[in-house]
Amino acid sequence: VAPMGMCDLAWPGADAALGAAAIERGFPWCLSTAASMAIQDAAKVAPGRSWFQLYVASSIDVAMELTQRAEDAGVEVLILTVDVPAISRRTRDKRNGFQVPFKIGPRQLIDFALHPRWSLAQLSAGTPEMRNFGGSIGRFMREIGRGGVEWDFLERLRDRWRGKIVVKGVMRPADAIRMRNAGVDAIWVSNHGGRQLDAAPATIDALPVIREAVGPGYPLIIDSGIRSGEDVVKCLALGASFVMMGRPFLYALGAGGEKGLTEFLDVMTEEISTVMAQIGVTRIDDIGPHVLAGRGNERG
């Protein structure tokens with residue numbers, strides 16, 4: 001599960017549901033800096049499966065305090081995120097009236113009235129909060145950029161963090177090589193779901209180029225635009241070691257709560273299995289470039 005802020009906006013207890021699914025199905029769950037659940041609580045919900053996403057905004061000290069909290073909670077994988085150097089205008093949010101702190105206008109009231117099950121569940125649970133902010137961390141400021149990362153900070157973080165470090169938001173081979181050489185344990189190819197820069201290249205196009213640059217054995221993760229089991233298989237064929245999804249998890253929770261999440265995961269599992277059968281592959285490890293059209297597998 002890719003990191004997503006304020007998951008409880010989709011369904012009350014969404015973060016907890018995602019953590020429980022990670023334990024049940026055996027995959028990692030990446031808690032966002034702006035999550036509805038605190039780092040220490042996430043580590044209890046999904047011990048050994050909870051990764052933590054770290055943004056570096058206006059203060060390096062705040063980033064280091066969050067890093068310390070993650071270490072104290074027993075988090076083993078830290079995701080340094082560099083794919084939002086500046087916040088985009090997010091015209092969709094403006095059009096829908098979404099803002100932080102939350103404000104409810106006529107459009108939202110009509111929307112709530114048209115979705116009574118969701119609205120009643122949210123009312124009973126109370127207003128979602130960003131549990132990793134407040135106190136010494138300070139208040140969350142959505143408009144502040146998250147680009148306070150330089151190469152010297154990466155070196156400092158690598159010296160400080162004893163677990164695994166993943167850098168998320170890499171789209172250039174040269175950056176990937178430099179990060180690998182700096183001791184980063186895995187590269188995460190991501191354009192932040194494609195919602196920051198319209199002209200950004202698709203991650204599926206950047207993935208094979210970065211794979212070629214870092215070599216066959218180095219761990220590569222990908223997200224952004226993954227919507228089906230077929231998408232997952234394509235990413236694996238193009239060089240991904242691991243595939244992450246974000247919004248589809250929230251869509252499933254918003255539509256059907258925990259039951260919707262379970263059904264979605266079942267559908268994804270079935271789709272991946274079906275695609276593998278269609279291309280004649282029985283093991284994930286056997287998925288490679290040879291299964292792709294134009295990669296030497298066409299019939300003569």
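1. Lys-168, at 3% relative accessibility, counts as buried, where buried means under 20% relative accessible area, exposed over 50%, and partly exposed in between, computed with a 1.4 Å probe on protein chains only. Lys-168 forms a salt bridge with Asp-223, and the closest N and O atoms of the two are 3.9 Å apart; the term salt bridge stands for a side-chain nitrogen of Lys or Arg within 4 Å of a carboxyl oxygen of Asp or Glu. The pair links distant parts of the chain, 55 residues apart, with Lys-168 in strand E4 (residues 164-170) and Asp-223 in the loop between strand E6 (220-222) and helix H10 (229-237). Asp-223 is buried as well, with a relative accessible area of 6%.

2. The model is a predicted one, in which local features need pLDDT of at least 70 and side-chain atom pairs count only at pLDDT 80 or more, whereas totals for chains, interfaces and linings use all residues. Residues are numbered from 1 along each chain as its sequence is written, and side-chain values use heavy atoms, with hydrogens and water left out.

3. As to the overall fold, the protein chain has 11 helices and 7 strands, these being DSSP runs numbered from the N terminus, with helices (H or I) of at least four residues and strands (E) of at least two. The chain has 300 residues, of which 47% count as buried. Among contacts between residues at least 6 apart in sequence, 65% join residues at least 24 apart, a contact meaning heavy atoms within 4.5 Å.

4. The search of the whole structure for salt bridges finds 12. One of them joins Arg-25 to Asp-266, with 2.9 Å between the closest N and O atoms. Arg-25 lies in helix H1 and Asp-266 in helix H11 (residues 247-278), so this pair ties together parts that are 241 residues apart in sequence. Both partners count as partly exposed, Arg-25 at 29% relative accessibility and Asp-266 at 40%.

5. A further salt bridge is formed by the side chains of Glu-71 and Arg-160, at 3.2 Å from N to O. This pair also links distant parts of the chain, since Glu-71 is in helix H3 (residues 60-73) and Arg-160 in helix H7 (residues 151-160), 89 residues apart. Glu-71 is partly exposed, with a relative accessible area of 21%, and Arg-160 is partly exposed, with 23%. Glu-71 and Arg-160 are linked with Arg-162 in a network of salt bridges.

6. Which elements do the buried residues of H10 pack against? They pack against helix H9 (203-214), E6, strand E7 (242-243) and H11. H10 is mostly covered, 7 of its 9 residues being buried, and these are Gly-229, Asp-231, Val-232, Val-233, Cys-235, Leu-236 and Ala-237. After H10 comes Gly-239, whose phi is positive, near 120°.

7. The structure holds 1 cavity of 30 Å³ or more, a cavity being a set of points, on a 1 Å grid over the protein atoms alone, where a 1.4 Å probe fits but cannot get out, and lining residues having an atom within 4 Å of a point. About 40 Å³ of space lies in the largest cavity, where a volume is the space filled by probe spheres set on grid points joined across faces, edges and corners. Helix H1 (14-25) and strand E1 (29-31) each supply at least two residues of its lining, and E1 gives the most, with 3 residues.

8. The lining of the largest cavity includes Val-1, Met-4, Cys-7, Asp-15, Trp-29 and Cys-30. Its residues divide into 10 nonpolar, 1 polar and 1 charged, on a scheme that counts Ala, Val, Leu, Ile, Met, Phe, Trp, Tyr, Cys and Pro as nonpolar, Asp, Glu, Lys and Arg as charged, and the others, Gly among them, as polar. The structure holds 0 disulfides, a disulfide being a pair of cysteine sulfur atoms within 2.5 Å.

9. Val-281 is found in the segment after H11 and is buried, with a relative accessible area of 8%. Not counting residues up to four places away in sequence, Val-281 touches Met-276, Asp-286, Ile-287 and Val-291. The C-alpha atoms of Val-281 and Val-291, which are 10 residues apart along the chain, are separated by 8.7 Å.

How values were computed: 1 Å grid on protein atoms, 1.4 Å probe; cavity = no way out; pocket = protein on both sides within 12 Å on 5 of 7 lines; lining within 4 Å.
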